[in-house]
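Subject: Two-chain model, handover and findings

Hello,

Please find the structure below. My notes on it follow, with the cut-offs given as each term comes up.

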Amino acid sequence: MKVINKAFEQELILTESNRNDVKRAREVLEKALSQQFQTILLALYSSEIIKGRSLRNSELQEIEGICSVLFPEDYISKGNENIFEFVSNGIYTKKWPILGLNDLKDIEIRIYNRYVFLWNVIDINEQLAILGSNYRFFLAGAMQIASSYVKKIINFEDQSTSIDARFIFGEIGVSTISVGGPVFDFEDELVTSPFFNENVPGFAIGDTAVIRRNVLRKLYPSNDSGMLSAYLHEVLHTISYSFKNGAPFSTANWNLYIKRDICRFLKNPHSKKEITDAFWLIINNPIKSYFSTIDTAKEVLKKFDDFSSIFEALLSEGTVAENNGLYICATNQEGQPWDLL
Amino acid sequence: MESIFYTAKNLLDSRMYSKAREELEKINVVRLSFAERAEYEFLMGVALFETATICEAISRFKNCIRIAKEHCPEFNLFTPYYELSISYFSIYNEGQNPKDLEKSVDYCKLALDVAVNNSLVQRTSGLMVYVEESPEAFINVLIHLGVLYQSKNKIEESIQILLVSKTICQHFSRFDLLGQVYDELGTSYALSGQLELAGYYFVKSVKAKEIINNTRGIEITIQKHIIFSLRNPQMMFSEEASRLHSLISEERI
């Protein structure tokens, strides 16, 4: 089932045929993905409404926000009663699909050059990362949804597999990797599924850490150190999961992810101090010093290159350039060519 | 308490199948519990698969499943189903009888169902959600299913299944299995006539195998790549092939 709006698909097709501006390609993909994830969210909410679930105020505000973005001409905000009226009409007139959790396996997301299934989070994020986007998509139950999809391919009756449908499409912070595994440090959330506990500021699944700064800000409005505590807490979970196997994700992807993060940060020029401050967690890795006394951890930690050597490599290969004490990365700039699988 | 199958299992792990079979034959089957009996039949099947006829092994695997289903519902049926699928696929490869291929696919589907439940159950403890077990069985059965669909000449399904296993390998950073998945994706794309994509996945396979220093695996992939390329030089030398290869260095493995 496809959820992309025709206009956005056309824009993707147009951009695909003229690959000479990475900035435009990035913006078009971000907009197209936002529209698709917002449609999915509205479709899930519609299903919840049909089931009679009462929605929280924050959820109603979210629906209102989505409707005003997806249907700007039809929808004028007039308070909660009108949201219900608007959504009820939309459901009745099939303005958007209605999705239950079991339908998630069939949803196809349009990215550049092809459709991928919703559970194929890795390919969606790869395109965003390669184009230098600050947006990422996280879906907790991707593997369960993928397994349901396989069962469908082989015509095997699915025995009500439980699906973890927590997902976020949002803007991420500076670093996307820790020594434990991938990090989704959401600074802001554009689309958030209705299945989150709204009081949980972070969690870890396997080697993946997720931080939700919106929740942190709400829970600890006057405490700036909340982010660091949440980060360290979740990353420690991922380390306990991944270090016993030699932290395969981080050892394989450390340099690539840090290079991408540097280039993403240096879309705008920054001084050395600003870079050092932004990548503080990678440069002065507090976890590294904590584990430096444990022999088995020391062996794993040896495999990670220092931030400075990765940065120097980018400078010497010309990907990052210095001008009057400010550093900038050429690859993600307006007018630069791009290519993707 | 040490399992009565301890020695036999060690011998099977060391690929000493005849000795394992001798060891199993010493066991007094009558005194075994149902769960032990099911396990005995399974281990005997594995030993027979390598030392006698595959049909004898199949009969043992089926005995295992029958006993387990009738008397011990907690018995994990993944490996018996999986081994049955492998056994029927071996018979199919010798005789090319489509019925054997169908049986192999059917047992593979049953193995897949068990593997999904074994491998990808997410547990919650307090506020912590974590994947409790390794998805290894699930990935292995998906690769096998992808190969079976290649044999059925259902290449599109094979590609879809292998793409799922690729995503799962990447998700769990299973580089040991990812190379194998890329190999099979390369083969499926080559069979579907998408030669440049086939070449792309063979190169990705080498990259994945480099991470875990799998030298033998790299040799196998290169051989495969060369064999396909000799028949279809555009796999390596076309403009599209060069474009795809240049993308690889920017992508995660």
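Of the 253 residues of chain B, 53% count as buried, where buried means under 20% relative accessible area, exposed means over 50%, and partly exposed lies in between (1.4 Å probe, protein chains only). This is a predicted model, in which local features need pLDDT of at least 70 and side-chain atom pairs count only at pLDDT 80 or more, while totals for chains, interfaces and linings use all residues. Residues are numbered from 1 along each chain as its sequence is written, chains are lettered from A and ligands numbered from 1 in the order in which they are written, and side-chain values use heavy atoms, with hydrogens and water left out.

Chain B overall

Chain B has 13 helices and 2 strands; helices (H or I, at least four residues) and strands (E, at least two) are DSSP runs, numbered from the N terminus. Its C-alpha trace spans about 70 × 55 × 30 Å along the principal axes. Taking contacts in chain B between residues at least 6 apart in sequence, 55% join residues at least 24 apart, with contact meaning heavy atoms within 4.5 Å.

One residue to look at is B:M236, in helix α12 (residues 234-237) of chain B. B:M236 is partly exposed, at a relative accessible area of 29%. Leaving out residues up to four places away in sequence, B:M236 touches B:H225, B:S229 and B:A241. The C-alpha atoms of B:M236 and B:Y200 are separated by 8.8 Å, and the two residues are 36 apart along the chain.

Helix α2 of chain A

Helix α2 of chain A covers residues 22-50, and at 1.5 Å a residue its 29 residues should span 42 Å, which agrees with the 42 Å between its end C-alpha atoms. The expected span is 1.5 Å times one less than the number of residues. The helix is mostly covered, 24 of its 29 residues being buried. At its start, a side-chain oxygen of A:D21 comes to within 3.1 Å of the backbone nitrogen of A:K23. Just after the helix, A:G52 has a positive phi of about 90°.

A:K23 also forms a salt bridge with A:E27, with the closest N and O atoms 3.5 Å apart; a salt bridge here is a side-chain nitrogen of Lys or Arg within 4 Å of a carboxyl oxygen of Asp or Glu. Both residues lie in α2 of chain A, 4 residues apart, about one turn of the helix. An α-helix has 3.6 residues a turn, so residues three or four places apart point the same way. A:K23 is partly exposed at 30% relative accessible area, and A:E27 is partly exposed at 36%.

Other salt bridges

Over all chains the count comes to 38 salt bridges. In chain A, a network of salt bridges links A:E48, A:K51, A:R53, A:R56, A:E59 and A:E198.

In chain B, the side chains of B:R60 and B:E41 meet in a salt bridge at 3.4 Å, N to O. B:R60 is in helix α4 (residues 54-71) and B:E41 in helix α3 (residues 34-51) of chain B, so this pair ties together parts that are 19 residues apart in sequence. B:E41 is buried, at 2% relative accessible area, whereas B:R60 is partly exposed, at 23%.

The side chains of B:E240 and B:R243 meet in another salt bridge, at 3.1 Å, N to O. These two are 3 residues apart in helix α13 (residues 239-248) of chain B, about one helical turn. B:E240 is partly exposed at 33% relative accessibility, and B:R243 is partly exposed at 26%.

The interface

What does B:R243 pair with in chain A? B:R243 forms a salt bridge with A:D339, the closest N and O atoms being 2.6 Å apart. Between chain A and chain B the count is 3 salt bridges.

The contact takes 40 residues from chain A and 40 residues from chain B. The two chains bury about 3400 Å² between them, 66% of it on carbon and sulfur atoms; buried area is the accessible area (1.4 Å probe) that two parts lose on being put together, summed over both. In chain A, the residues that lose the most area to chain B are A:I122, A:M143 and A:L341, together 20% of what that side buries.

Regards

Definitions and conventions: A polar contact is a pair of N or O atoms within 3.5 Å; within protein, one must be able to donate a hydrogen and the other to accept it, and residues adjacent in sequence count only if both atoms are side-chain atoms.
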